[in-house]
Amino acid sequence: MVYFIRAKSYYRYALDLYKDLPHFLKKPEDLKRKAQEIFKIGLKAIWSLSQINPPEKPPSLEELWKKTLESVEPEDVDKLKNIKNILFSEEKEPEKIIKTVETFLEIIKKNIQPIL
């Protein structure tokens with residue numbers, strides 16, 4: 001049950017960070033960094049559902065990514081791969097980054113909906 005609380009907390013934290021993204025429109029590098037942080041926290045929301053006890057050390061992005069791809073609905077895998085490519089590429093268009101994060105959070109919400 002604790003892992004449900006952890007998953008909800010990660011998701012809500014990612015949503016809170018998303019609300020602040022428009023403040024970074026004039027700072028593309030900061031916007032990108034925040035978007036990547038939201039991505040990692042969103043992955044933790046799904047990852048934490050498979051972790052009964054908290055780990056001794058924080059998971060790497062690769063661990064989060066692998067567990068998330070195993071856990072989400074099959075139709076979301078390609079969408080997540082595309083989102084990751086955009087957020088970790090040289091993309092600089094602020095509106096596209098914000099829209100990508102929004103889509104990402106919708107996918108996370110859909111996949112953890114039963115516990116929300």
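Is F104 buried or exposed? Select F104 in this predicted model: its relative accessibility is 1%, so F104 counts as buried, the cut-off being under 20%.

**Helix 5**

Next, colour the buried positions of helix 5: P94, I97, I98, T100, V101, F104, L105, I107, I108, N111 and I112.

**The aromatic pairs**

Now show the aromatic side chains. Searching the whole structure gives 3 aromatic pairs. Start with F39 and W65, a tilted pair with 5.9 Å from centre to centre and 35° between the planes. This pair links distant parts of the chain, with F39 in helix 2 (residues 28-47) and W65 in helix 3 (residues 61-71), 26 residues apart. F39 and W65 are both buried.

F39 and F104 form a tilted aromatic pair, at 4.8 Å centre to centre and with 35° between the planes. Here too distant parts of the chain are linked: F39 belongs to helix 2 and F104 to helix 5, 65 residues apart. F39 has a relative accessible area of 0% and is therefore buried.

**The cluster**

Which residues do the ring pairs link into a cluster? They are F39, W65, F88 and F104.

Notes
Residues numbered from 1 in each chain as written. Predicted model: local features only at pLDDT ≥ 70, side-chain atom pairs only at ≥ 80, totals over all residues. Heavy atoms only, no water. Buried < 20%, exposed > 50% of the residue type's maximum accessible area, 1.4 Å probe, protein only. Helix = DSSP H or I, 4+ residues; strand = E, 2+ residues; numbered from the N terminus. Phe/Tyr/Trp six-rings, centres within 6.5 Å; stacked < 30°, edge-to-face > 60°.
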